[in-house]
Structure formats: structure tokens, C-alpha cells
Amino acid sequence: MSEPKYGPSPWLDQFPKSRVPSYPRHRGVTATDVVDVVIVGGGLTGCATAYAFASAGAKVILLEADQIGRGTTALSSGWISEDPGVPFGDLEKAIGLRLARHAWQAWRRAALDFAALLRRLDIKCNLEERGSVTVALTPEQMARLERDQKSRREADVDAPMLNARTIKSEFGLDAIAGLRSKEGATIDPYRACVGLAAAAAERGAQLFERSPVRKITFGRKTADVFTAGGSMRVKRIVVATGVPTLSLFKSLRRHFWFHTTYLALTELVPARIRQQLGLTRRSAEGAKGARRASIVRDSAQPAHIVRWVNDERLMVTGADTETCPPRQLNKVLVQKTGQLMYELSTLYPDISGIQPEYGWSADYARTAEGLPYIGAHRNFPHHLFAFGDSSHSVTGAYLASRILLREHFEEMDRGDAAFGFHR
């Protein structure tokens with residue numbers, strides 16, 4: 001048995017090095033009068049946004065400080081969830097019933113549209129349709145789940161409750177009850193990101209790697225963006241870095257709390273044990289090809305999220321903490337991987353003794369309301385932002401690309417206000 005790999009995600013570690021795409025550094029003054037849109041950040045949000053703007057006919061430049069898709073995107077779980085990861089009742093208290101309903105509807109629509117886009121572009125990212133179930137394992141969690149179901153029903157949001165027998169049959173899990181979400185999918189997030197980057201480039205977007213933004217100055221109608229190797233004049237700057245990293249945007253950090261989630265992927269689960277851990281789609285629905293049907297999320301705070309990878313290994317996300325100093329990360333990562341494997345074994349005792357193959361972490365920022373902030377801020381007239389997605393899913397990347405596009409062209413949807421800066 002090999003030692004666990006701590007730090008890299010399997011998405012990056014298992015991707016053939018010979019197939020890693022390469023884009024040039026940005027150098028010199030960009031040879032055009034004024035660029036329509038410069039996107040800062042080459043993760044899934046940035047690449048989806050570059051594709052959206054280029055498809056709409058805009059002149060687009062994307063600037064990535066390192067390499068496309070190899071930051072937070074490659075550390076994510078790859079879940080396209082149909083909900084934003086915050087209980088509906090909590091969101092209603094924070095932003096009101098109308099906006100909460102719009103936010104949930106927008107998130108669900110984004111999940112469906114994101115999966116449809118990946119299929120339409122034929123991006124090879126192991127896309128698999130998978131719903132989810134949020135389970136209650138304790139009486140306290142059950143009370144929380146019942147409150148959430150009540151809030152959803154009052155807002156006309158579908159929330160079917162599964163009983164303990166159904167959960168045991170479908171998921172091999174001993175739980176009191178669970179709320180089912182029928183839509184959603186899983187992907188390899190790195191492959192999805194490089195696929196969207198290629199699609200954006202095919203539609204005319206210019207992509208530059210190893211091109212960090214050093215400075216931004218702006219006047220009344222345009223702004224100048226300076227990289228380590230050159231500059232360009234632009235009409236709009238989209239900052240899709242997930243958190244306010246550039247010194248220019250430090251004033252926005254007050255809107256966020258900074259956390260880290262941890263992920264572990266097991267070694268191969270023996271076939272005998274896999275058969276004991278719930279029905280596959282073939283046995284449950286009679287479809288060809290046995291595929292495990294759902295993601296399981298518990299109602300703990302913070303939650304654990306469990307999914308199958310290639311129907312052979314279990315991935316668990318959770319054990320969130322405040323972001324620790326970089327010098328402590330290696331030690332914390334080993335501890336948290338062990339904690340996640342223990343907590344996974346309490347959910348599925350049959351896997352006790354199975355070892356982790358990978359352990360890694362992903363930093364994120366959280367807002368007071370629990371929704372990402374997507375759009376303009378009054379102090380930055382030429383900018384649009386996509387910050388603070390704490391959903392532990394990748395749906396927000398696609399949602400951000402659509403909201404940013406609509407705001408740029410002043411064609412806002414009624415639900416977009418739910419994702420704006422509220423303070």
C-alpha cells in the first residue's frame with residue numbers, strides 16, 4: 001500500500017503532463033484601441049466568463065497569474081449542486097423571502113445550464129448526472145432539516161423528504177431522514193476548466209498565463225491594466241479570483257470570512273463493500289451501466305459531503321476551519337485527512353480500515369448571507385467581481401459568468417440582486 005499524497009488533488013495529479021495546455025505570457029502594449037473586457041483569474045469562473053463574453057462578441061483578454069485551472073478550481077470537489085449550500089430558512093432571514101426564492105431558482109437553473117453547456121461543447125470532464133440527499137443523523141440535525149423543509153415548502157421550493165428505510169436502501173446509510181435534490185452532476189473540475197478555456201480561445205478570447213496584474217489605474221471612461229510584462233486599456237475589468245487578492249481590492253476583504261475546507265479520496269473500495277453501500281442506478285432504475293446515483297450531505301455544521309469518484313473510490317469534504325498560516329498547512333492537512341477518514345467510517349462503518357489515497361485542502365471566502373457576491377461595487381466603477389462562493393460546489397462559477405455578462409450589457413435578471421454586495 002502506497003503512502004497518501006498530501007497537497008495535490010487527484011484531478012491534477014492524474015492529468016497527463018504532456019496534455020497540460022500552455023498559453024503565452026502577456027508582453028507589451030496590447031495591439032488594439034480599447035479592450036472590451038479584461039478578466040483577472042483563470043479558474044473555472046474566469047474561463048466560463050471568458051467563454052460567455054467571447055460568445056457574445058466582446059473583445060476579451062484573460063490574465064492568469066499562474067496556469068489555467070491549477071488554483072482553487074483544481075482543489076474543488078467537482079460537484080454541480082442545485083442549491084447554494086445555505087439552508088433556505090437562513091437565507092430568507094438574511095435577504096428576505098423574495099430574494100431567497102430567486103437565489104435558489106437561479107442556482108438550480110445554473111446547475112442545469114452548466115451541465116448542458118459542458119455536454120454541448122463536448123468537454124471531456126467525466127460529467128455524470130447525480131442528484132443529492134441532505135440527511136439528518138441526529139435529533140438535532142433532524143430538527144434543522146424539518147425547519148429547512150418547512151421554509152422551502154412555504155416558498156414553493158420542492159423538498160421531498162425520504163424516510164430512514166429509503167435512505168438505507170439507496171445509500172447504505174443509517175439516517176433518520178433526508179431531503180432529496182433531484183438535479184445536479186459531478187465533473188473533473190480541472191478538465192472542465194481547460195475545456196472552457198479552449199472554447200473561449202476558439203471564440204476569439206486571448207488567454208495569458210503567468211501574467212499577474214501589478215496595477216490598475218482608471219479614468220472616467222476607461223481603465224489601464226498593467227501586468228508584469230505590459231499594459232492594456234480596457235472598458236471593463238472582471239475580477240474572478242474568488243477572494244480579494246490584489247492589493248487594490250483590500251478594502252473589500254471586510255465583506256468576507258476566510259476559511260479552508262479539507263478533502264480526502266479513499267483508495268479503491270473493494271467490490272464487495274461497494275455493493276453494500278447502496279443501490280447503483282442500474283439496480284435502482286434498470287439503466288445500463290452501474291453508476292452510483294447521488295451525493296450525500298449531512299446536516300452537521302460544517303457539513304460533510306460524500307461522493308463516489310469513478311464508482312470505485314469515496315471522496316469526502318468537510319472539517320472546515322478558519323484558514324491557517326501556510327507554515328502550519330502540511331501538519332494540519334495530515335490531521336484533517338485522518339479526521340475525515342474517521343468521520344467517513346462513522347457514516348459507512350464497512351469502509352473501516354480503508355486508507356486515504358489523497359488528502360488536500362481548498363481555501364474559500366464566506367459572506368454574511370452565505371451567497372457569493374457577484375457584480376459591481378460602488379467604489380470600483382469599471383469593475384465587476386465574483387467573490388465569496390462558499391457552497392463547496394462549482395455551480396457558482398457558471399452562475400457568476402451569466403450574472404457578470406448580464407450586468408455588463410445592462411440586462412439584469414430579477415434574481416441577480418440576491419448576489420450583489422449588500423453592505
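At what angle do the axes of helix 2 and helix 8 cross, and within what distance do they come? I looked this one up before anything else, keeping in mind that I'm working with a predicted model.

**Helix 2 against helix 8**

I get a crossing of roughly 25° for helix 2 (residues 44–55) and helix 8 (residues 189–202), with the axes coming within 8 Å. Angles under 35 degrees count as roughly parallel, so helix 2 and helix 8 are roughly parallel to each other. I noted the hand of this crossing as left-handed. On the helix 2 side I find L44, C47, A48, A50, Y51 and A54 making the contact. Helix 8 brings P189, A192, C193, L196, A197, A199 and A200 to it. Sorting the contact by class, I get 13 nonpolar residues, with no polar and no charged ones.

**Helix 2 against helix 12**

Next I checked helix 2 with helix 12 (residues 395–408): the packing angle is about 40° and the axes are 8 Å apart. That makes helix 2 oblique to helix 12. Here I wrote down a right-handed crossing. From helix 2, the residues I see in this contact are L44, T45, A48, T49, A52 and F53. They meet A397, A400, S401, R402, L404, L405 and H408 of helix 12. By class, I have eight nonpolar, four polar and one charged residues in this contact.

**Helix 4 against helix 5**

For helix 4 (residues 88–95) and helix 5 (residues 97–120), I have axes that come within 7 Å and cross at roughly 130°. That makes helix 4 oblique to helix 5. The crossing of helix 4 past helix 5 goes down as right-handed. F88, L91, E92 and I95 do the touching from helix 4, and L97, L99, A100, R101, A103 and W104 from helix 5. My class count for this contact is eight nonpolar, no polar and two charged residues.

**Ends of helix 7**

What sits at the start of helix 7 (residues 164–171)? I found a side-chain oxygen of N163 reaching to within 3.3 Å of the backbone nitrogen of R165. Past the other end I looked at G172, which follows helix 7 and has a positive phi, near 60°.

**Aromatic pairs**

How many aromatic pairs does a search of the whole structure find? I got 12. One of them is F249 with F380, an edge-to-face pair at 5.4 Å centre to centre with 70° between the planes. I checked where the two partners sit, and the pair links distant parts of the chain, 131 residues apart. F249 is in the loop between strand 14 (230–242) and strand 15 (257–266), while F380 belongs to strand 21 (residues 380–387).

Which peptide bond did I flag as cis? The one from Q301 to P302, with omega near 0°. I placed P302 in the loop between strand 16 (294–298) and strand 17 (305–309).

I also flagged R210, which is not a glycine and yet has a positive phi of about 50°. R210 is in a loop too, between strand 11 (206–208) and strand 12 (213–218).

Technical notes:
Residues numbered from 1 in each chain as written. Predicted model: local features only at pLDDT ≥ 70, side-chain atom pairs only at ≥ 80, totals over all residues. Heavy atoms only, no water. Axes fitted to C-alpha atoms, helices over the stretch in contact; angles between N-to-C directions. Helix = DSSP H or I, 4+ residues; strand = E, 2+ residues; numbered from the N terminus. Parallel < 35°, antiparallel > 145°, perpendicular 65-115°, else oblique. Left-handed = near helix turned anticlockwise from the far one by under 90°. Contact = heavy atoms within 4.5 Å. Nonpolar A, V, L, I, M, F, W, Y, C, P; charged D, E, K, R; others polar. Polar contact = N/O pair within 3.5 Å; in protein donor to acceptor, adjacent residues only side chain to side chain. Phe/Tyr/Trp six-rings, centres within 6.5 Å; stacked < 30°, edge-to-face > 60°.
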